[in-house]
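Biologist: Could you take a close look at one part of this model for me? I'd like to go through some of its loops, residue by residue.

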Amino acid sequence: MKTLTIMLIGALIISSCSKTSLVQPQPKPQADLLDNTAAKTGNGNGRSTAMPAYYDSVLFTVNMKQLSDKAAENLIAHNSSINAIYASNDLDEEQDFVPVIDAIPGDGFNPLWQQFLIVFNEGFTPHQFFSDEEVLDAASGDNPEITLVNTGEIYRCSVIGPK
């Protein structure tokens, strides 16, 4: 019975946020990728908040729903396994670049995401990142290319299909 319960929980997690493609996509023009951002009008649930996001150079479609400020504060204080999403703009705004996520199901995934804004430092040309490793590398060192700004916002994520 215990094994059945664990298998059922695992199946629910995988079906709500699962990797949808193993194929490496060819880079697309930014306008094509960004025409379906969370900034589009809608009720905040369902496909109206769908947007593209990269994970290790693979493009996914994710559905992001922002949690309340109080819920975010509580989760940040008490949940050490929240994932990160790196974005050029607040997720409820149109994006300059496709956001990057740091986990998928089977690779440290938690359906809660803390938003970090990517701000390019003076002297560096803004460009698209394709993995969390690229983002973190760009934010480190003696002369970092970017600064990561913790917004304190938490989003619930579902992977809903390939781009």
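Modeller: Ser-57 sits in the loop between E1 and E2. Asp-56 lies in that loop too, with strand E1 covering 50-55 and strand E2 covering 58-66. Keep in mind that this is a predicted model. Now check the backbone angles. Phi of Ser-57 is near 70°, a positive value in a residue other than glycine, and phi of Asp-56, also not a glycine, is positive as well, near 45°. That's worth a second glance, because most residues other than glycine have a negative phi. How exposed are these two? Ser-57 has 29% relative accessibility, so it counts as partly exposed. Asp-56 comes out at 31%, so it is partly exposed as well.

Next, hop over to Gln-95, in the loop between strand E3 (83-87) and strand E4 (100-101).

One more glutamine to go: Gln-128 is found in the loop between strand E5 (112-120) and helix H4 (132-138). With 9% relative accessibility, Gln-128 is buried too. Its side chain has a polar atom 2.8 Å from the backbone oxygen of Val-98.

Conventions:
Residues are numbered from 1 along each chain as its sequence is written. This is a predicted model: local features need pLDDT of at least 70, side-chain atom pairs count only at pLDDT 80 or more; totals for chains, interfaces and linings use all residues. Side-chain values use heavy atoms; hydrogens and water are left out. Helices (H or I, at least four residues) and strands (E, at least two) are DSSP runs, numbered from the N terminus. Buried means under 20% relative accessible area, exposed over 50%, partly exposed in between (1.4 Å probe, protein chains only). A polar contact is a pair of N or O atoms within 3.5 Å; within protein, one must be able to donate a hydrogen and the other to accept it, and residues adjacent in sequence count only if both atoms are side-chain atoms.
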